[in-house]
Amino acid sequence: MSTPTLNQAQANAVAELMRIAPVAGRLGRLFADAGHELYLVGGSVRDALLGRLGHDLDFTTSARPDDVEALLRRFSRAVWTIGKEFGTIGCKVEDGDDSWVVEVTTFRSDAYAADSRKPVVQFGDTLDGDLVRRDFTVNAMAVSVPDHRFVDPWGGLADLAAGALRTPGTPEDSFSDDPLRMMRAARFAAQLGFTPVPEVVAAMTAMADRIGIISAERVRDELSKLLLADRPRPGLDLLVRTGLADRVLPELPALRLERDEHHRHKDVYEHSLTVLEQAIELEARLPARPDLVNRLAALLHDVGKPATRKFEEGGKVSFHHHDVVGAKLVRKRLTALRFSSDEVKAVSELVFLHLRFHGYGEAGWTDSAVRRYVRDAGDQLERLHILTRADCTTRNQAKASRLRAAYDDLEARIAVLAEQEELASLRPDLDGRQIMELLDVPPGPLVGQAYRYLLELRIDEGPLGPERAEQALRAWWAEQQPQG
């Protein structure tokens with residue numbers, strides 16, 4: 001994202017503030033009539049200056065939470081108080097065709113204990129006291145409503161125009177107060193294309209261990225937001241460069257393998273970032289983007305390589321079974337970071353399967369092999385297509401063309417078989433009820449064995465039809481009976 005000049009930023013802000021003027025103006029007058037100050041603040045002001053303000057509006061006020069709640073209940077029928085202990089009251093406002101989510105937070109001047117994950121909430125009395133406790137100067141600007149007076153005590157507008165991330169106070173104090181701000185710096189580097197100033201990078205490096213007091217859920221959320229940015233690489237590089245990644249995602253910096261003297265293998269870390277970028281470019285194939293599972297799988301697909309690296313005779317380097325090892329590492333790490341079970345399962349399966357395609361062009365897969373590829377990928381087939389294509393980062397154009405052609409051919413064969421055989425719902429020609437009736441057996445493990453036998457037969461030979469499937473099932477059943 002390109003950063004605006006000062007004049008452009010101010011013009012953007014005026015345009016965006018005019019867009020929300022009816023809602024912000026009414027709310028500002030309501031608070032002013034009650035004797036309270038109200039300011040649009042933080043990310044809302046930053047995004048207005050960037051010309052990208054959405055429909056979530058953040059305000060700060062001199063009013064205490066009980067007064068805020070009472071005023072918002074006069075302003076909206078939909079009010080929630082889930083964040084009231086932290087001074088935040090929210091509401092939803094309908095304005096013609098527009099809908100706004102508004103959150104109003106009392107001025108705060110929080111304090112953090114050295115080993116605490118959560119602040120001791122203290123309400124403040126001044127706007128400047130509230131702004132100085134914010135993470136970065138670009139988020140420490142405010143606009144009063146309804147009169148639209150711009151407040152920028154820490155030079156956030158100049159930093160915004162320069163694309164710089166700077167803390168209002170010292171970065172050491174800021175990151176000591178809330179260590180998650182260090183990860184937020186990486187997220188803003190990815191989302192906004194901003195560059196942390198040297199003193200911020202130095203503090204992140206020196207204080208990386210302090211991220212350990214932050215809950216896994218908060219770390220996961222920041223990491224996810226970073227990965228879902230249009231350009232995650234700068235943010236990931238910053239996490240690795242400062243040592244934060246060693247604490248929250250150590251498998252990523254571990255990919256920076258020492259190159260062997262003959263340079264016979266790729267830089268795995270840089271390769272993984274390139275695969276991530278190429279997977280993002282292919283996300284139009286998916287129902288919705290950005291896609292977190294796709295991006296996690298692309299970033300982590302080779303995390304099994306450090307543990308499986310072996311130097312062979314002749315200077316060659318091998319990584320045998322790094323797909324299997326990587327899938328286990330991914331499952332363990334994502335579980336520790338409290339990703340959902342569905343996300344953990346999907347990403348680890350993609351890592352496990354990411355080598356399955358290799359050899360297709362030379363080996364000449366049978367239809368049964370193609371069916372197995374589809375069966376094993378299951379509902380991750382489209383993501384596996386993306387990961388496999390993105391994993392080609394060779395500079396050898398002839399080799400890259402061969403790999404693309406081979407995968408084009410595989411996808412074409414999958415499409416043909418899918419049309420002929422309903423591959424998306426690959427199942428035996430007889431279901432469990434029919435198996436029990438034909439073999440005259442009750443529910444139990446035996447039915448599962450028979451089902452799996454028919455499924456393998458279906459994969460090997462394609463659709464059999466009920467009659468051939470019944471003949472095959474009875475022949476299999478006869479083989480299972482005790483002899484003599």
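The legends below describe close-up views of a predicted model. Residues are numbered from 1 along each chain as its sequence is written. Local features need pLDDT of at least 70, side-chain atom pairs count only at pLDDT 80 or more, totals for chains, interfaces and linings use all residues, and side-chain values use heavy atoms, with hydrogens and water left out.

**View 1. The open sheet of 7 strands.** The strand order is β3-β4-β5-β2-β1-β6-β7, with mixed pairing. At the edges stand β3 (78-80) and β7 (150-151), each with a single partner strand, so one side of each has no neighbour in the sheet. Strands (E, at least two residues) and helices (H or I, at least four) are DSSP runs, numbered from the N terminus. Two strands pair if DSSP finds at least two bridges between them.

**View 2. Strands β4 and β5 with helix α3.** Strand β4 (residues 88-95) and strand β5 (residues 98-106) run antiparallel and are joined by 8 bridges. G90 has E103 of β5 opposite it. Helix α3 (residues 65-75) lies across β2 (56-61), β3, β4 and β5, at about 15° to β4. Axes are lines fitted to C-alpha atoms, for helices over the stretch in contact, and angles run from 0 to 180 degrees between N-to-C directions.

**View 3. R187 in helix α7.** Helix α7 spans residues 180-191. R187 is buried, at 11% relative accessibility. Buried means under 20% relative accessible area, exposed over 50%, and partly exposed in between (1.4 Å probe, protein chains only). Leaving out residues up to four places away in sequence, R187 touches E222, K225 and L226. A contact means heavy atoms within 4.5 Å.

**View 4. D230 in the loop between α9 and α10.** Helix α9 covers 216-227 and helix α10 covers 233-242. D230 counts as exposed, with 68% relative accessibility. The C-alpha atoms of D230 and L192 are 9.1 Å apart, while 38 residues separate the two along the chain.

**View 5. Cysteines C91 and C392.** C91 is buried, with 0% relative accessible area, and C392 is also buried, at 18%. The model has 0 disulfides, a disulfide being a pair of cysteine sulfur atoms within 2.5 Å.

**View 6. Residues 260-265, where pLDDT stays under 50.** pLDDT is the predictor's confidence in each residue, from 0 to 100. For residues 260-265 the model has 13 contacts beyond four places in sequence. Where pLDDT is low, the predicted coordinates should not be read in detail. The mean pLDDT of the protein is 86, and 90% of its residues reach 70 or more.
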